[in-house]
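Here is a briefing on ring contacts, cavities and salt bridges. Please keep the sequence and the model open while reading.

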Amino acid sequence: MSDGLATALKSLRAQLGRDLFPLAIGNVEADRHAQKELAGQLDDYLIPRLAAIDAPLLAVVGGSTGAGKSTLVNSLVQDDVTAPGVLRPTTLAPTLVASPADAPWFTSMNVLPGLPRSTGDGQPGTLKIVTSPQVKPGLALLDAPDIDSVVTANRELAAQLLAAADLWLFVTTASRYADEVPWGFLRIASERSTAMAVILQRVPEEARVPVAMDLRRLLQENGLSGTPLFEVPELPLPSERARLPETAVRPIKQWLDGLSADHEARADVVRRTLSGALDSLAVRVPALAEAADRQLLGANELRGLVEKGYDVGMADFDEAMRDGTLLRGEVLNRWQDFVGTGDLMRSLETRVGWLRDKLVAAFTGRPAPDKRLRVALESGVESLIRTTADGSAERSVDAWLSTPQGRDLLERTGIETAGKLGRVSADLPPKAAKAVRDWQGYVLDLVRDEGADKRSMARAASFGVNGLGLLIMLTVFASTGGLTGIEIGVAGGTTVLSQKLLEAVFGDQAVRRLTDAARANLRQRVRDLFDDEAGRFYALLAGMETTDTHALRAAAEAVESRKSDIPGGAV
């Protein structure tokens with residue numbers, strides 16, 4: 001095999017080793033099956049066969065339940081190498097019969113490397129190897145499980161073995177030759193140009209001609225004209241385990257022995273099946289890539305639903321900053337303790353100097369109220385963050401549950417995990433507390449920097465950094481940023497009072513600038529917290545949004561460009 005084709009096939013196999021279909025989108029089970037089947041064919045057939053183009057042929061004997069596959073194999077080698085029986089399914093473990101000369105090739109892991117080997121009684125999931133002098137060197141027979149077995153694992157194994165075959169020996173009967181399941185496999189063989197022969201067993205003499213004619217018609221209609229067809233008459237057998245007479249299977253054995261003895265004929269079978277399998281990649285891989293693209297869109301949809309959920313939460317937080325919600329209740333009570341009540345609002349327009357003196361007295365004579373106000377404001381902001389984050393988490397879970405892929409993903413994470421996703425994480429409360437404290441520190445730094453200006457230094461000093469910082473914080477939660485004049489009071493006039501005091505110290509433009517900066521900083525800190533919370537959802541999508549289908553397509557194109565590297569040339 002050329003190094004170029006080998007490299008291209010291995011590159012394609014590496015791409016197929018990723019989970020391309022993690023989400024329940026469309027007919028995802030069929031997509032996953034197609035990926036598994038293609039990866040299996042690369043492992044079981046394409047890569048090892050190209051590495052040893054002259055190795056013995058593998059002829060897989062496949063067909064429906066009760067078609068007589070095991071009986072046929074035993075009859076061809078005139079030995080009881082595989083066990084037919086009346087119980088279905090009967091072929092629990094596939095049996096490979098090879099010439100003693102070819103045994104080393106098949107007992108090693110050159111063919112079907114994923115199946116453990118056994119030489120005694122075959123166990124499910126193993127490949128039983130038997131040698132027989134009746135099998136000529138150059139070709140081995142593999143008795144496969146039923147393609148329509150009631151056991152899913154048997155059906156999947158049968159499909160795997162047929163995909164790994166150089167040659168199909170497809171066995172059917174006069175009563176079941178038109179069944180749909182076998183024809184599904186035969187159409188696949190036609191699409192992939194797989195070398196094959198059809199063996200029609202248990203044919204009553206009176207039905208031999210019409211049944212054979214009808215079967216040939218079906219083969220032609222399904223693109224399989226010219227396929228060798230062998231007929232085995234219906235013969236009375238003394239038991240289920242009895243073998244057919246040598247004369248009944250002689251044409252089949254002679255044909256197989258001829259292939260074994262003819263190097264060019266064997267090479268033709270290999271090149272035909274190999275080329276057909278390679279050709280099929282040009283259709284199968286793009287189909288997988290398109291399905292994987294749908295997965296990418298589905299993952300992006302889930303991400304978008306989470307982003308929307310937390311954007312709504314952020315909008316709720318913004319609204320709470322504007323509407324004065326935080327300046328009611330405990331914060332209002334602590335504010336009134338801080339500056340006093342009574343005639344302050346009535347004096348606001350004409351007695352700003354008196355109000356400043358009142359505030360200074362509050363700092364110098366009663367330090368406790370300003371601390372309580374800061375704590376109340378801090379607690380209120382933390383509570384608002386938790387409430388809006390909780391709503392975003394619940395909203396995101398509900399949105400995922402409304403989509404098939406989101407519902408499946410949450411179900412696979414488990415009820416407990418899904419329940420936790422619908423609430424804020426355990427880390428949020430301490431993170432929110434720190435974010436608010438850090439924000440308060442940021443606001444105090446703003447006030448210090450603004451108070452460093454010579455024109456406002458004296459006035460700022462008379463109020464104190466802590467007091468002015470608190471006023472900026474209060475203004476953030478009920479103002480669009482430094483509006484001037486008397487406005488309708490929120491929470492009993494708290495905002496108006498805070499704003500007028502700040503304007504008396506810094507001027508209206510500075511107040512607007514300080515308030516905007518404080519609000520933007522708090523928003524960013526809350527946004528960061530929300531992004532961390534949303535990250536819990538994104539973690540479930542890890543890797544799903546970066547599936548590189550371009551690399552998958554490129555790998556298939558590289559194989560396509562190297563197909564002519566098959567030794568002897570493509571058929």
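The points below take aromatic pairs, then cavities, then salt bridges.

The model is predicted. It has five aromatic pairs, six cavities of 30 Å³ or more and 34 salt bridges.

**Aromatic rings**

- W168 and F170 make a stacked pair, with 6.2 Å centre to centre and 25° between the planes. The angle is under the 30 degrees set for stacking.
- Both partners are buried: W168 has a relative accessible area of 5%, and F170 has 1%.
- F230 and W255 form a tilted pair, because their planes stand at 55°. Their ring centres are 5.6 Å apart.
- This pair links distant parts of the chain. F230 lies in strand 8 (residues 229–233) and W255 in helix 8 (residues 246–261), 25 residues apart.
- F230 counts as buried at 13% relative accessibility, whereas W255 is partly exposed at 25%.
- Y310, W400, F530 and F537 are joined into a cluster by ring pairs.
- R303 places its charged end over the ring of Y538, 3.8 Å from the ring centre.

- The largest cavity has a volume of about 120 Å³.
- It is lined by 14 residues; L162, A163, W168, I188 and R192 are the closest to its centre.
- The lining of the largest cavity comprises nine nonpolar, three polar and two charged residues.

**Salt bridges**

- R250 and E246 meet in a salt bridge at 2.7 Å, N to O. They are four residues apart in helix 8, so about one helical turn separates them.
- Both ends are partly exposed: R250 has a relative accessible area of 35%, and E246 is at 34%.
- D316 and R395 form a salt bridge with the closest N and O atoms 3.7 Å apart. This pair also connects distant parts of the chain, with D316 in helix 9 and R395 in helix 13 (residues 367–401), 79 residues apart.
- D316 is partly exposed at 37% relative accessibility, and R395 is partly exposed at 30%.
- Salt bridges with shared partners join E205, R208, R216 and E231 into one network.
- Within that network, E205 bridges to R208, the closest N and O atoms being 3.7 Å apart. E205 is exposed, with a relative accessible area of 56%, while R208 is partly exposed at 34%.

Note on methods:
Residues numbered from 1 in each chain as written. Predicted model: local features only at pLDDT ≥ 70, side-chain atom pairs only at ≥ 80, totals over all residues. Heavy atoms only, no water. Phe/Tyr/Trp six-rings, centres within 6.5 Å; stacked < 30°, edge-to-face > 60°. Buried < 20%, exposed > 50% of the residue type's maximum accessible area, 1.4 Å probe, protein only. Helix = DSSP H or I, 4+ residues; strand = E, 2+ residues; numbered from the N terminus. Lys NZ or Arg CZ within 6 Å of the ring centre and 35° of its normal. 1 Å grid on protein atoms, 1.4 Å probe; cavity = no way out; pocket = protein on both sides within 12 Å on 5 of 7 lines; lining within 4 Å. Points joined across faces, edges and corners; volume = space filled by probe spheres on them. Nonpolar A, V, L, I, M, F, W, Y, C, P; charged D, E, K, R; others polar. Salt bridge = Lys/Arg side-chain N within 4 Å of Asp/Glu carboxyl O.
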